[in-house]
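Here's a quick briefing on a ligand and the space around it. Have a look at the structure first, then read on.

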Amino acid sequence: MSPAARRRPFGVVTRGTTNPNRLRRVDNWIVATCADRLLAADDPLVVDLGYGATPVTAVELRARLAAGVRPDVRLVGLEIDAARVAAAAPAADPPGLTFARGGFELAGLRPVLVRAFNVLRQYDESEVAEAWQTMTAALAPGGVLVEGTCDELGRLASWLLIDADGPRTLTLAAKLTTLGSPAELAERLPKALIHRNVPGEPVHALIRALDDAWQAAAPYATFGPRQRWLRAVTRLRETGWPVLDNPTRWRQGELTLSWPLPAGGAGG
Ligand SMILES: C[S@@+](CC[C@H](N)C(=O)[O-])C[C@H]1O[C@@H](n2cnc3c(N)ncnc32)[C@H](O)[C@@H]1O
C-alpha cells in the first residue's frame with residue numbers, strides 16, 4: 001500500500017511493557033554514532049515509535065539527545081494506542097517533547113531518526129519488511145531507523161541501523177557484569193533475525209564465533225569482563241568479521257558489524 005493511501009495509523013496495538021532506563025544502551029549508541037546526522041539537520045526531528053504504556057523511554061531519549069547532541073532536538077513519541085497517547089500528555093514538554101498517535105507511516109512526520117524498540121518483536125517476521133519500508137520511506141533525506149529489541153531491564157540488546165536501502169549495521173550490546181555468555185544475546189535479536197539463529201545462517205555463525213571468542217578470552221576475566229569482551233571483539237575482527245568502531249565503543253559492551261554479514265560467516 002502506498003503511503004498516500006494510508007491515512008490510518010499503520011500497525012496494531014501490542015503489549016505496552018517498558019521500563020525506565022531499559023533503552024540506555026541504544027540511546028548512548030545513537031548519541032555517539034548518529035550525532036552528525038542530527039547536527040547537520042535544519043530540523044533535528046526524532047521519532048520514538050511505540051513508546052509503550054508510559055513514555056519514560058521517550059523522555060529519556062530526548063534528554064540524552066538534548067544533553068549529548070543538541071539542545072534544540074525535537075522528539076515526538078508516536079503510539080498506535082490512543083489511550084497511551086493520552087496517558088503520555090502530562091510528560092510533554094513542547095516544543096522539544098510531544099506525543100501523538102501514529103504508526104509505521106510516522107503520522108506525516110519527516111524525522112532524521114526513528115527509534116523503534118521492542119515494537120516489531122510482537123509482529124510476525126513476514127511483516128517486518130513492509131514495516132521497515134514504510135518507516136524508511138517517511139524519513140527525511142539521509143535519515144535512519146534504529147530498530148531493535150532488548151530484555152526487560154536492558155541488559156541484553158541488539159539493533160539494526162536501517163536506511164532507505166535496507167540494513168547497514170547490526171549492533172549487539174550487553175551489560176558485561178551480568179553476562180554469562182554472548183549466546184544469551186540470541187534471545188534478543190531483532191525480529192528479522194531471531195528466527196535465523198539456525199545453522200547455515202550468518203547470524204548463527206556470528207553468535208557462535210562471538211561465543212568461541214569469549215571462551216578463548218577466558219584468561220582475561222581476571223582483569224574484569226570488560227577486558228574479556230575487548231579481547232573477544234578484537235579476536236572476531238582478527239578472524240575476518242566486519243567489526244566496526246573502536247575500543248571506546250567496545251568497552252561499553254557493544255559490538256557493531258557492517259551489514260550484510262559474510263554469507264558463510266567470516267572467511268566464508
Ligand atoms: C513493548 S512496548 C515497547 C515500549 C518501549 N519502546 C520500550 O522498548 O520499552 C511496544 C509498544 O509499541 C506499540 N506499537 C505497536 N505497533 C506500533 C506501530 N505500528 N506504531 C506505533 N506504535 C506501535 C504498542 O502499542 C506498544 O505500546
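The ligand takes up the space of the largest pocket. Keep in mind that this is a predicted model. That pocket has a volume of about 480 Å³, and 34 residues line it.

**Who's around the ligand**
- Count the residues surrounding the ligand and you get 26.
- The closest of them are Thr18, Arg22, Glu79, Arg84 and Tyr123.
- Sorted by class, this shell holds 11 nonpolar, 11 polar and four charged residues.

- Glu79 puts a polar side-chain atom 2.4 Å from an oxygen atom of the ligand.
- Thr18 also uses its side chain, with a polar atom 2.6 Å from a ligand oxygen atom.
- With Ile80 it's the backbone that takes part: one of its polar backbone atoms is 3.3 Å from a nitrogen atom of the ligand.
- How much of the ligand's accessible area does the protein cover? On its own the ligand has 610 Å² of accessible area, and the protein covers 99% of that.

- Two elements give two or more residues to the lining: β1 (45–49) and β4 (113–117).
- By class, the pocket lining comes out at 12 nonpolar, 12 polar and 10 charged residues.

Note on methods:
Residues numbered from 1 in each chain as written. Predicted model: local features only at pLDDT ≥ 70, side-chain atom pairs only at ≥ 80, totals over all residues. Heavy atoms only, no water. Near = heavy atom within 4 Å. Polar contact = N/O pair within 3.5 Å; in protein donor to acceptor, adjacent residues only side chain to side chain. Areas by Shrake-Rupley, 256 points an atom, 1.4 Å probe, with all protein chains shown as cover. 1 Å grid on protein atoms, 1.4 Å probe; cavity = no way out; pocket = protein on both sides within 12 Å on 5 of 7 lines; lining within 4 Å. Sits in = over half its atoms within 2 Å of the grid points. Nonpolar A, V, L, I, M, F, W, Y, C, P; charged D, E, K, R; others polar. Points joined across faces, edges and corners; volume = space filled by probe spheres on them. Helix = DSSP H or I, 4+ residues; strand = E, 2+ residues; numbered from the N terminus.
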